Amino acid sequence: MHDVYSNLFVQENFFGHGSINRLPELLDKQREDDSHPAVLIVDPFFENMGLFDQMALNANDYIVYARIQEKEPTTDYIDMVMSDIRAAIGDNMPCAIVGIGGGSAMDISKAVSNLFTNGGKAQDYQGWDLVREKGVFKIGVPTISGTGAEVTRTCVMTSPTKKLGMNSRHSVFDFAILDPALTLSAPVDQRFYTGMDTYIHCVESLQGRLMNPFAEAFAKQSLNLCREVFLGEFDHDKMMVASYLGGISVATTMVGIIHPISAGLSKVLGYRHGIANCIVFNVVPEYYEEVEEFHHILDHNNITLPKITATDDEIERMVEETHNHNKPLWNALGDDWQNILNRDVLFEIYKRMM
Ligand code: ZN
């Protein structure tokens with residue numbers, strides 16, 4: 001018997017330097033009339049960069065700068081952004097929600113788009129397929145390459161009780177604007193760690209049980225581009241395409257053991273996603289042969305990974321967090337994953353990072 005794979009990812013994009021300038025044209029197509037403003041949720045990094053100075057936005061279009069205090073958007077923060085937008089635009093339904101930034105601004109915009117049509121609070125939708133109605137037309141504009149958030153249905157958010165995203169078919173953008181010029185000003189180390197997120201998405205998905213020829217084609221080409229970028233000279237255009245293709249691969253399959261172990265580092269020690277993945281990837285050569293290549297990549301880019309410090313109690317909590325991610329662990333290791341990656345094995349893996 002053959003498996004049937006369900007492949008869901010963003011369907012349409014603009015690609016190229018300056019493509020952000022075609023945003024007004026895209027928004028005008030969505031407006032029935034001027035009473036429906038567009039809402040732009042933007043990384044505060046761009047606040048005084050004049051990004052919108054030359055852009056013909058409507059007078060009632062509303063720009064929110066997403067100043068998140070935590071490493072990842074919280075459900076409370078998303079609810080606050082919602083009430084801020086409602087206060088600004090009144091009872092009018094927005095014609096589009098645009099997320100411009102790294103993972104967080106894009107994730108917040110996915111959630112806000114769905115909340116406008118579904119009502120309720122962000123935490124009502126933490127989990128899989130809880131969103132009933134299609135959201136407001138949403139546009140993703142990445143300003144750093146690697147997360148794949150511009151392509152996938154992943155919508156990261158955390159609440160005091162659970163770290164679970166708004167994972168839904170309605171959390172996929174309707175349109176992506178891929179403008180490499182927007183990524184030029186990202187700090188070099190952040191650009192490295194976020195870019196490596198894509199490399200790791202590909203390595204994990206390629207080795208997983210859900211791999212299939214469709215996803216494989218995207219993963220392999222994405223990896224080729226990552227190698228050109230990280231073992232040759234950094235190229236913003238290629239990195240942006242790599243993120244997109246790697247995003248399709250991971251959106252149609254699943255990650256492996258690196259993301260679950262990395263989630264422990266983020267949750268307990270507060271490391272950001274990209275750097276946490278690299279810290280994990282560095283120490284698991286028995287699970288992924290590409291770790292050797294990763295060491296060349298680190299050398300080539302003059303990157304020294306930080307050592308972690310953690311108490312035994314903190315490691316216990318990281319192990320617990322890792323084990324919560326049963327689906328990717330199954331994808332990597334099969335039905336016996338709990339034995340293969342048991343508490344003692346994980347404990348020792350975390351110790352290697354010190
Ligand atoms: Zn990732």
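**Notes on a predicted model**

1. Let's start with Leu265. Skipping residues up to four places away in sequence, Leu265 touches Gly270, Tyr271, Ala276, Ile279, Val280, Ile308, Met318, Tyr350 and Met353, where contact means heavy atoms within 4.5 Å. Before you read on: this is a predicted model, in which local features need pLDDT of at least 70 and side-chain atom pairs count only at pLDDT 80 or more, while totals for chains, interfaces and linings use all residues. Residues are numbered from 1 along each chain as its sequence is written, and side-chain values use heavy atoms, with hydrogens and water left out.

2. Leu265 also shows up in the largest nonpolar core, which has 55 residues; Phe192, Ile257, Leu265, Phe281, Tyr288 and Met353 are the ones touching the most other members. A nonpolar core here is a set of buried Ala, Val, Leu, Ile, Met, Phe, Trp, Tyr and Cys residues joined through side-chain atoms within 4.5 Å. Buried is under 20% relative accessible area, exposed is over 50%, and partly exposed is in between (1.4 Å probe, protein chains only). There is a second, separate core of 23 residues, with Tyr77, Ile85, Phe116 and Cys155 among them. As background, nonpolar side chains in soluble globular proteins tend to be buried together.

3. Asp197 is buried at 3% relative accessibility, whereas His273 is partly exposed at 31%.

4. Two packed helices are described by the angle between their axes and the distance between the axes. The axes of H4 and helix H6 (residues 236-252) come within 9 Å and cross at roughly 35°, and this crossing is left-handed. H4 and helix H5 (residues 213-231) have axes 9 Å apart at an angle of about 145°, again with a left-handed crossing. Axes are lines fitted to C-alpha atoms, for helices over the stretch in contact, and angles run from 0 to 180 degrees between N-to-C directions. Left-handed means the near helix is turned anticlockwise from the far one by less than a right angle; clockwise would be right-handed.

5. Who meets whom on H4? On the H6 side, Arg191, Gly195, Thr198, His201, Cys202 and Ser205 in H4 meet H6 residues including His236, Met239 and Ala242. Facing H5, the H4 residues include Phe192, Gly195 and Met196, and the H5 residues include Glu216, Ala219 and Lys220.

6. Thr322, in helix H10 (residues 312-324), is buried at 0% relative accessibility. A polar atom of the Thr322 side chain lies 3.4 Å from the backbone oxygen of Pro260. Leaving out neighbours within four places in sequence, Thr322 is in contact with Pro260, Ile261, Leu329, Leu346 and Tyr350.

7. Pro180 sits in the loop between strand E8 (175-178) and H4, and is buried at 0% relative accessible area. Beyond residues up to four places away in sequence, Pro180 touches Phe15, Gly16, His17, His236, Asp237 and Met240. Pro180 and Ile20 are 160 residues apart in sequence but 9.6 Å apart in space, C-alpha to C-alpha.

8. Most residues other than glycine have a negative phi. Asp129 is not a glycine, yet has a positive phi of about 60°; this residue lies in the loop between strand E5 (127-128) and strand E6 (138-142) and is partly exposed at 42%. Asn302, also not a glycine, has a positive phi of about 50°. Asn302 is in the loop between helix H9 (291-300) and H10, and counts as exposed at 69%.

Technical notes:
Helices (H or I, at least four residues) and strands (E, at least two) are DSSP runs, numbered from the N terminus. A polar contact is a pair of N or O atoms within 3.5 Å; within protein, one must be able to donate a hydrogen and the other to accept it, and residues adjacent in sequence count only if both atoms are side-chain atoms.
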